[in-house]
Structures are given as C-alpha cells and as structure tokens.
Amino acid sequence: MRKMTGEEFSSKTEFFDRMVRTCWLSELHEKLMDKSGDWRGKKVLDIGCGTGRLLFRGSRDAVLLAGIDLSPAMITKAEMLTPAARKNQYSFKVADAYELPYKENEFDLSLSTCVIFLLPDPRKALLEMARVTKEGGKSCLLNPGIAMDPAAAAHYASRQHFNDEEKSFLEAWADVSPRRHRFEEAAFSRLLFDIGAEEVEQERALDGLALLTTIIWQ
C-alpha cells in the first residue's frame with residue numbers, strides 16, 4: 001500500500017473542507033467531541049487536522065489546540081480560518097503522523113478523524129499518538145468500520161434521504177476505504193492494547209459504516 005503525499009491531499013483541500021461540513025460528518029464529530037470529554041484547561045492535538053474545523057469546536061475551553069497535517073495547503077487554510085482573537089491559542093504545523101514533532105506526554109487529549117485508516121502502517125501512527133499523549137490521557141478516533149463499502153454507503157445515504165452532495169461525500173469515503181483499512185472492533189482493540197492502551201471503547205456509527213474509538217493510555 002502506497003503512502004499518500006502531502007501534495008495529493010493539498011490538491012483536495014476544498015473537497016475535504018466541504019466534506020467536514022456535511023451533516024453526517026458533523027454529527028460524527030459531535031459524537032467524538034462528547035466522547036472526548038471536558039476540554040477545559042487541556043492541551044489538545046488533532047493528527048491529520050485538515051483545515052482545523054474540529055479543533056475550532058473547542059476554542060472556548062482548551063488552553064492549547066495543536067493540529068498537524070501532511071498537506072501544506074490544509075495548514076495554510078487552517079491558519080486562515082483561525083479566529084483572529086484566538087490565534088495565540090492555536091498551533092498548526094506541517095508534519096507526518098509517523099513522526100510527530102512533539103515531546104512525550106505533551107498532550108492531555110489527542111484526536112484523529114478519517115486519517116489512520118489511510119496509512120499503510122496504522123500501528124506506527126498509533127504508537128506516535130500514544131507517545132505524545134499523557135499517561136492516563138485520552139485519544140479519540142474516527143475510522144471506517146468493517147461494513148464500509150460503496151454499496152453499503154449508497155444504501156445508507158438513500159435510506160437517510162441525503163441530498164446529492166452529502167451522498168457523494170459519503171460514497172467517496174466508502175470508495176477509498178476497502179483499498180486502505182477498515183477496522184473491526186475486536187481486532188482493532190487488540191492492536192491498541194498491544195501498544196499500551198489501558199481502556200478501549202468502540203462504538204459503531206452510521207449503521208456500522210463508521211467506527212468511533214476512545215482510548216485511555218497507560
């Protein structure tokens with residue numbers, strides 16, 4: 001499996017920025033926010049932050065909101081969208097999920113949505129996530145579930161009466177998922193416990209098309 005480049009993601013900056021604002025992905029982000037708990041006084045990292053919109057949801061609470069992305073264009077857009085009054089609260093960097101530019105135990109909470117599944121070696125990125133998250137800290141992930149494929153996504157979109165744009169974005173996620181990684185709960189939990197998780201909670205969403213994972217690290 002080939003690792004995608006920052007330039008490939010940069011060419012799709014507007015596509016991903018529109019996708020993150022769809023109703024179905026916004027609802028998944030709300031679920032993830034609920035699972036992540038209270039952000040007050042915390043340092044939060046988003047791995048594969050895209051244009052930063054997930055981090056913007058916590059701007060009233062966290063003391064630091066850091067985002068990394070492989071795409072320079074995504075980071076430029078995130079910096080442009082950052083509210084001027086809160087720029088000192090944010091830190092955006094072009095960086096690789098395999099080599100996070102942070103010290104051990106630097107963050108209280110780490111997030112990653114629609115990213116880990118794209119990587120040839122998810123374990124390598126998850127080890128880095130564990131390294132920079134404090135002992136007893138939390139990580140929250142969003143990935144495609146084992147049921148995700150184009151036919152299942154089209155059926156779900158039809159049942160939910162998605163408009164054409166909402167449907168096209170879900171089908172785009174479904175199209176790439178079988179060619180990358182789809183995660184089954186038990187196998188993914190075993191991987192996470194193997195690399196240092198103390199607790200793992202999995203929840204299916206979108207009728208099993210998506211998987212929300214909450215991790216407490218040892």
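Trainee: In this predicted model, is Cys140 buried or exposed?

Mentor: The cut-off for a buried residue is a relative accessible area under 20%. The relative accessibility of Cys140 is 1%, and because this value falls under that cut-off, Cys140 counts as buried.

Trainee: How many disulfides does the count come to?

Mentor: A disulfide needs two cysteine sulfur atoms within 2.5 Å. For Cys140, the closest cysteine sulfur belongs to Cys114 and is 14 Å away, too far for a bond, while Cys114, which is itself buried at 16% relative accessibility, has its closest cysteine sulfur in Cys49, 13 Å away and likewise too far. By this rule the count comes to 0 disulfides.

Trainee: Turning to the rings, how is the aromatic pair of Phe9 and Phe16 classed?

Mentor: The model has 11 aromatic pairs by the rule applied here. In the pair formed by Phe9 and Phe16, the distance is 6.2 Å centre to centre and the angle between the planes is 45 degrees. Planes under 30 degrees apart would count as stacked and those over 60 as edge-to-face, so this pair is tilted.

Trainee: And how is the pair of Phe183 and Phe188 classed?

Mentor: Phe183 is buried at 9% relative accessibility, and Phe188 is buried as well, at 2%. Their ring centres lie 4.3 Å apart and their planes meet at 25 degrees, so the pair is stacked.

Trainee: Which strands stand at the edges of the open sheet of 7 strands?

Mentor: The order of the strands is E3-E2-E1-E4-E5-E7-E6, and their pairing is mixed. A strand at the edge has a single partner strand, so one of its sides is left without a neighbour in the sheet. This applies to E3 (90-94) and E6 (197-205).

Definitions and conventions: Residues are numbered from 1 along each chain as its sequence is written. This is a predicted model: local features need pLDDT of at least 70, side-chain atom pairs count only at pLDDT 80 or more; totals for chains, interfaces and linings use all residues. Side-chain values use heavy atoms; hydrogens and water are left out. Buried means under 20% relative accessible area, exposed over 50%, partly exposed in between (1.4 Å probe, protein chains only). Rings of Phe, Tyr and Trp (its six-membered ring) pair if their centres lie within 6.5 Å; planes under 30 degrees apart count as stacked, over 60 as edge-to-face and the rest as tilted. Two strands pair if DSSP finds at least two bridges between them. Helices (H or I, at least four residues) and strands (E, at least two) are DSSP runs, numbered from the N terminus.
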